[in-house]
There are 2 protein chains.
Amino acid sequence: MSDVYIIGAGETKYGELWNKSLRNLAVEAGLKAIEDAGIYSKDIDAIYGANGLAGTINEQENIGALIADFSGLSNEGIPAIRIEASTASGAAALREAYLSIKSGEYNVVVVGGVEKMTDLHGSDIVNKMSSILDREWEAFYGATPASMAAIIARKYMHDFNVEKEALAMIPVNDHNNASKNPDAQYRNKITVEQALNSTPVADPLNLMDCSPVSDGAAAVVLASEDYVKKNGKDGIRILSSAIAEDYLSVGSRESIYTFNSARLAAEKAFMRSGLKRDDISFIELHDSFSIYALIELEDLGFVEKGHAKDIVYNDIKLDGSLPVNPSGGLKAKGDPYGAVGIGQAVEAYIQLKEKAGERQVKGAKYALLHNMAGTGASSVVHILGI
Amino acid sequence: MSDVYIIGAGETKYGELWNKSLRNLAVEAGLKAIEDAGIYSKDIDAIYGANGLAGTINEQENIGALIADFSGLSNEGIPAIRIEASTASGAAALREAYLSIKSGEYNVVVVGGVEKMTDLHGSDIVNKMSSILDREWEAFYGATPASMAAIIARKYMHDFNVEKEALAMIPVNDHNNASKNPDAQYRNKITVEQALNSTPVADPLNLMDCSPVSDGAAAVVLASEDYVKKNGKDGIRILSSAIAEDYLSVGSRESIYTFNSARLAAEKAFMRSGLKRDDISFIELHDSFSIYALIELEDLGFVEKGHAKDIVYNDIKLDGSLPVNPSGGLKAKGDPYGAVGIGQAVEAYIQLKEKAGERQVKGAKYALLHNMAGTGASSVVHILGI
């Protein structure tokens, strides 16, 4: 089996990008990645597109073909399909592209993720976003992503005696890192007090506990070992890729603050890579809600259940022992659903190539990326290395 | 690289299934395939779900997780993602599953396709179906799948002097075959006169030229050569799998009655299988509109451009030299978008195992399956054999 490398990466700025359409965003990120990789369209064997909500928000399906068409690549017949795994679509597409190269079928694959969410507002967008939940068993009864996270947070905080301040450390860290990331949606630093006093969204979660609604796109170019060697490319290596599933509806799970999908995916990813938790230089986490970051740090195996509160004050900082979300994370870099998982890979690529400037994690060697669907229904974990 | 086998298949009846939800249909087909394969949940390494429109019709994304959850498989963490390539989602998912086994990552994969379309009616469903077109450049201006097909038909009929009767032979053949298929949506035979005199939909296409709106699901179980040998399974082999792309918007193409995606995908599939057109025992074609069947017979390389009219009267019959759509095709078996490509594989499995009863293609040895996205934006071709 061929090793698989990332040889190029690119992304749009994340934010409220009202002057750019879904296809504009996808192609902008794709072309940046292609240019960065120094390849031509004739080199590309396939395109994998990740998108969560274009069917429901933009009334546009056939996303793979849309992107191929608008980028001018369909002329050459390059296959393009879409991978959908809700908010984990990005990493799921990265994994499919990785498998397609391992299968020997392709040598060079472009993987892009895109989401265009800010054309809708208020209850309209919340309803669309709730299509990542179980529509018939959860959303129909009024559940939203934020309300599900609030239920989970309340139980977690009660059982492990966790203060709201511990949750607030997540957006504080995210905003601090995002202030150094030119592609981030929010580059303002915030204080713990600002986080704690921000508008309540779904008690105990405030505005600063919740990722924003975002537009954005990200793309990477994957290549086989053979291609990398023959063409003298310089890339980072995908050491392992793993995915696992949990119940879609939170009510079916044994514990509402355990993401079994994250547990299983991390176990598999570490086993396949041969690395230990201590080897990881930094993590990009799926912190769509602050509470999820704490739970994920535990379920990914970096700290015991209930003890994330011990490491969120210092260790997760850019110069701490386990830097989390150097990119700014979902809270501050932004949360364009289908783009998130690929955006994490873009950050890993930049960091591992030591091109992250002010937000560079010193001596970064191995990165763990965790992209999650909905409230934990699926988790995809990638471990990348130099 | 491992050879890949289909070791089990199952499908729901196609039709207006108002008493069954999206998840009901998916799980019914999946469990039938699993039972047919004689495997247990512990054997399953991954699930690939195909779906075209649940985001826009059912306000449900996260389809992979939904299916895994409802089938009781998420308890074991079995990964489940959704592949979307519009009306070619089914075959695109089949191909991803095929690649995942070839990559060495999985041994047993369940691939299912599902669509639940008949809860909407009239212009509502036509608008949703139009999300497979280019929303901003086609559908926004009033184009629908049927009107695009009508434009293509008119030009084709004019340039090659083709009568409406030649088009009518497609639904006549489909309905005749479907009358022998218990899973088909329409099991009534129709005459050429009935086809020609049916209600106009988009001139020159009448109701009998257009596939129906359908609910339905289909699933197959794929396994590696290693698994098949170790467990003494009896299956059919996927000899080749290919996918290619064309412009999404028809107006960008050089010729509106040439499906370049079908041409390219068929070329690749034949090259990889080492077979010739003459070796093929029967074809399952993506005849969402009668005109498409004629064009596809040409672009897949079975007859010269403009000459499909020479073979649609006799050769395509069940006992002809090139049987087309023994299942009943999209017109009469039905057209549940995401399920279609997998349903074609179910038919091939039944036929190649000589279990098709009244509609058995005598001595069937090799099947070609063609599943197409929208108006030809993507084509996926599989060649299966015993």
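Trainee: How many salt bridges does the rule find across the interface of chain A and chain B?

Mentor: Twelve salt bridges cross that interface. Keep in mind that this is a predicted model.

Trainee: What makes E136(B) and R23(A) a salt bridge?

Mentor: Check the distance. Their side chains meet at 3.5 Å, N to O. The rule asks for a Lys or Arg nitrogen within 4 Å of an Asp or Glu carboxyl oxygen, so the pair qualifies.

Trainee: Why can such side chains pair?

Mentor: Opposite charges can pair when the charged atoms come close.

Trainee: How many residue pairs are in polar contact between chain A and chain B?

Mentor: The count is 35 residue pairs, both residues at pLDDT 80 or more.

Trainee: Which elements give two or more residues to the side of chain A that touches chain B?

Mentor: They include helix 2, helix 3 (63-70), helix 4 and strand 8 of chain A. By class, that side has 28 nonpolar, 21 polar and 18 charged residues.

Trainee: How many residues are in contact there?

Mentor: 67 residues of chain A are in contact with 67 residues of chain B. The two chains bury about 5,100 Å² between them, with 47% of it on carbon and sulfur atoms. In chain A, E59(A), N62(A) and E245(A) lose the most area to chain B, together 13% of what that side buries.

Trainee: Why are the two copies said to be related as by a two-fold rotation axis?

Mentor: Look at the superposition. A rotation of 180° with 0.0 Å of shift along its axis puts chain A on chain B, at an RMSD of 0.0 Å. The copies are therefore related as by a two-fold axis.

Trainee: Which residue of chain A comes closest to the rotation axis?

Mentor: S103(A), with its C-alpha at 1.8 Å. The same surface serves both copies, since 100% of the contact residues of chain A recur in chain B.

Trainee: What are the domains of chain A?

Mentor: The domain assignment gives domain 1 (4-121 + 214-237) and domain 2 (123-210 + 239-385). Their contact takes 47 residues from domain 1 of chain A and 44 residues from domain 2 of chain A.

Trainee: How much area do domain 1 and domain 2 of chain A bury between them?

Mentor: About 3,700 Å², 63% of it on carbon and sulfur atoms. Y14(A), T87(A) and I236(A) supply 20% of the area that domain 1 of chain A buries against domain 2 of chain A, more than any other three residues.

Trainee: How many salt bridges are counted between domain 1 and domain 2 of chain A?

Mentor: The count is two.

Trainee: How do you know that K353(A) and D234(A) meet in a salt bridge?

Mentor: Their side chains come to 3.0 Å, N to O. The limit is 4 Å, so this Lys and Asp pass. The interface of the two domains of chain A also has 21 residue pairs in polar contact, both at pLDDT 80 or more.

Trainee: What parts does the salt bridge of D3(A) and R237(A) tie together?

Mentor: The closest N and O atoms of D3(A) and R237(A) are 3.1 Å apart. D3(A) lies in the segment before strand 1 of chain A, and R237(A) in strand 8 of chain A, so the pair ties together parts 234 residues apart in sequence.

Terms used: Residues numbered from 1 in each chain as written. Chains lettered and ligands numbered in written order. Predicted model: local features only at pLDDT ≥ 70, side-chain atom pairs only at ≥ 80, totals over all residues. Heavy atoms only, no water. Domains from an automatic or database assignment. Contact = heavy atoms within 4.5 Å. Buried area = accessible area lost by both parts, 1.4 Å probe. Polar contact = N/O pair within 3.5 Å; in protein donor to acceptor, adjacent residues only side chain to side chain. Least-squares fit on C-alpha atoms with pLDDT ≥ 70 in both. Helix = DSSP H or I, 4+ residues; strand = E, 2+ residues; numbered from the N terminus. Nonpolar A, V, L, I, M, F, W, Y, C, P; charged D, E, K, R; others polar.
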